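Colleague: Please show me the model, and then let us go through a few of its residues in turn.

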Amino acid sequence: MIEAIILAAGESRRMGTQKALLPFADGTVLSHIVDQFTSSRIDTVHVVVGHAPESIAASLAGRP
């Protein structure tokens, strides 16, 4: 079994906005990364959140 851990817990203070939630492709940077992992041979994807967990969860809605 292959598992992936994606770290998305930072505040992005220097940037001023959550980097993981920046628009990219058809969603956000984070949703694109998760989609790439889930379409690969990886069995399970874990996303570690800290700052703004509700926003991050919303950006990943509909994904396993």
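Modeller: Valine 48 sits in strand β4 (residues 44–49); strands (E, at least two residues) and helices (H or I, at least four) are DSSP runs numbered from the N terminus. This is a predicted model, in which local features need pLDDT of at least 70, side-chain atom pairs count only at pLDDT 80 or more, and totals for chains, interfaces and linings use all residues. Residues are numbered from 1 along each chain as its sequence is written, and side-chain values use heavy atoms, with hydrogens and water left out.

Colleague: Is valine 48 buried, partly exposed or exposed?

Modeller: Buried means under 20% relative accessible area, exposed over 50%, and partly exposed in between (1.4 Å probe, protein chains only). Valine 48 has a relative accessible area of 36%, so the class is partly exposed.

Colleague: Which residue does arginine 63 form a salt bridge with?

Modeller: A salt bridge is a side-chain nitrogen of Lys or Arg within 4 Å of a carboxyl oxygen of Asp or Glu. The closest N and O atoms of the pair are 2.6 Å apart, and the partner of arginine 63 is aspartate 35.

Colleague: Where in the chain are arginine 63 and aspartate 35?

Modeller: The pair links distant parts of the chain, 28 residues apart. Arginine 63 is in the segment after α2 (53–59), and aspartate 35 is in helix α1 (residues 29–38).

Colleague: How far apart in space are serine 40 and isoleucine 2?

Modeller: Serine 40 lies in the loop between α1 and β4. In sequence, serine 40 and isoleucine 2 are 38 residues apart; in space, C-alpha to C-alpha, the distance is 10 Å.
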